[in-house]
Amino acid sequence: MAWVSILIGKRIGLSGRMFIKEQWSAESLKGLVRLMRFATLFTLSVEGIGALLLSFRLIPLYGIKKGVAFSVFHSISAFCNAGFDLFGDSLVSFQGDYYVTLIIAGLIILGGLGFIVYVDLWHFPEKRRLRGQSKLVITTTAILLVAGTFLFYFFEATNVDTIAALPVPQKILASFFQSTTFRTAGFNSIDMGKMRDATVFFSFLLMFIGGSPGSTAGGLKTTTFAIVMSSAFATLKGQDDTVLFKRRVEEETVRKAFSLFVIAIALVFAVAAFIVAFEKGVFQFMDILFETISAFATVGVSRGITGSLSSYSKLALSFTMYIGRIGPTTFAMGLFHDEHKKKYRYAEGKYIVG
């Protein structure tokens, strides 16, 4: 509705702005309409450039009409981290194609950084600095991409069912693409059902973290994960504050990050346990957990068991996708938050942890 209001020139009220702020993970209500206009133009521009670049390869393969349609569709699908494809095998047939693979990967990464980061980068030439949010998003994303590429290559380089037969440069390409697409994109250039268990295990983490706040990606979010890890290390070092880029993170933000982390883990394992109970040993637990995390982070990748699950399990996964997209904390607060509840504090109690 907010998009429609902007298009027809209608003023957006306070409640609408509050909704936009929550959905886009904006810091304040100021400049939300400008942010949405910028996001619209940025999205159309990136998807248009992506479609144009893809068309140079897809038109010669499929003809003008089909090639243009495929280029536009996959550019939008990649930038929006949707993962839908028209090729029939995702990007398996383009596994060694540097041009197509890197364009799709680039669109996925751009879609997962978040529009607030793009606004910050847009104003960087005049301000000559980036906000802590942008630094954290870019740094965490880069670390996850590099670490994911290395681990995928390390575990799968000798797997004859995935990338062992490829030349080393194409192995690195496939590893980089899978590291990128595990972060809620949903494409794949290998047979997901033939990955080694070690690869499946570390893919849980990549999918669970997902993209960044205010982006087209789902998952826990990069900043949430980074704050939780930083806070944990600060505690281990005996520090009172969580510090990132020489700035202290607000205690409320740290509490919210831990709440999101705990609720997300609880949701994933609860749904996985529910599916295990209903499927009665038909599928391996690793495959069920993979499907559940993929649903929570709205990744869309599968180990090939989704179609064989019972109706109850499919409903559970659909519910998980819904919660993962709107955010577990938002859903929980909608159920349990009471605006009229009296605000008071209990006397402090002492507890031992660790």
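Buried residues make up 45% of the 354 residues in this chain. The model is a predicted one. Its chain holds 15 helices and 2 strands. The chain exposes about 19,700 Å². Take the contacts between residues at least 6 apart in sequence: 64% of them join residues at least 24 apart.

Two packed helices are described by the angle between their axes and the distance between the axes.

| Helix pair | Axes come within | Crossing angle |
|---|---|---|
| α8 (residues 132-156) and α9 (residues 168-181) | 8 Å | roughly 125° |
| α8 and α11 (residues 222-236) | 9 Å | roughly 90° |
| α12 (residues 251-279) and α13 (residues 285-296) | 9 Å | roughly 135° |

Start with α8 and α9. Their axes cross at roughly 125°, so the two helices are oblique to each other. The crossing is right-handed. On the α8 side, the contact uses L144, L145, G148, T149, F152 and Y153. On the α9 side, the residues include V168, K171, I172, A174 and S175. F176, Q178, S179 and T180 of α9 also take part. Sorted by class, the residues of this contact are 8 nonpolar, 6 polar and 1 charged.

Helix α8 also meets α11. Here the axes come within 9 Å and cross at roughly 90°. Angles from 65 to 115 degrees count as roughly perpendicular, so α8 is roughly perpendicular to α11. From α8, the contact draws on Q133, L136, V137, T140, T141 and L144. From α11, it draws on T222, T223, A226 and I227. This contact of α8 with α11 has 5 nonpolar and 5 polar residues, and no charged ones. Look for L144 of α8 in both contacts: L144 meets α9, and L144 also belongs to the contact with α11.

Now turn to α12 and α13. Their axes cross at roughly 135°, which makes α12 oblique to α13. This crossing is right-handed. Helix α12 brings A264, L267, V268, F269, V271, A272, I275 and V276 to the contact. Helix α13 brings F285, I288, L289, T292, I293 and F296. By class, that gives 13 nonpolar residues, 1 polar residue and no charged residues.

T184 sits in the loop between α9 and α10 (197-209). Its relative accessibility is 0%, so T184 counts as buried.

K246 is another such case. K246 has a positive phi of about 60° and is not a glycine. Its place is the loop between β1 (243-244) and β2 (247-248). Is K246 buried or exposed? K246 has a relative accessible area of 77%, so it is exposed.

## Residues apart in sequence

S231 lies in helix α11. At 8% relative accessibility, S231 counts as buried, because buried means under 20%. Which residues does S231 touch, leaving aside those up to four places away in sequence? They are T242, V254 and F258. S231 and L244 are 13 residues apart in sequence. Their C-alpha atoms are 9.6 Å apart in space.

S310 is in the loop between α13 and α14 (311-326). With a relative accessible area of 23%, S310 is partly exposed. Not counting residues up to four places away in sequence, S310 touches F278 and E279. S310 and I275 are 35 residues apart in sequence. C-alpha to C-alpha, S310 and I275 are 8.7 Å apart. I275 is also one of the α12 residues in the contact with α13.

L52 is placed in helix α3 (residues 32-62). L52 counts as partly exposed, at 49% relative accessibility. How many residues apart along the chain are L52 and S75? They are 23 residues apart, and their C-alpha atoms are separated by 8.9 Å.

Definitions and conventions. Residues numbered from 1 in each chain as written. Predicted model: local features only at pLDDT ≥ 70, side-chain atom pairs only at ≥ 80, totals over all residues. Heavy atoms only, no water. Axes fitted to C-alpha atoms, helices over the stretch in contact; angles between N-to-C directions. Helix = DSSP H or I, 4+ residues; strand = E, 2+ residues; numbered from the N terminus. Parallel < 35°, antiparallel > 145°, perpendicular 65-115°, else oblique. Left-handed = near helix turned anticlockwise from the far one by under 90°. Contact = heavy atoms within 4.5 Å. Nonpolar A, V, L, I, M, F, W, Y, C, P; charged D, E, K, R; others polar. Buried < 20%, exposed > 50% of the residue type's maximum accessible area, 1.4 Å probe, protein only. Areas by Shrake-Rupley, 256 points an atom, 1.4 Å probe, with all protein chains shown as cover.
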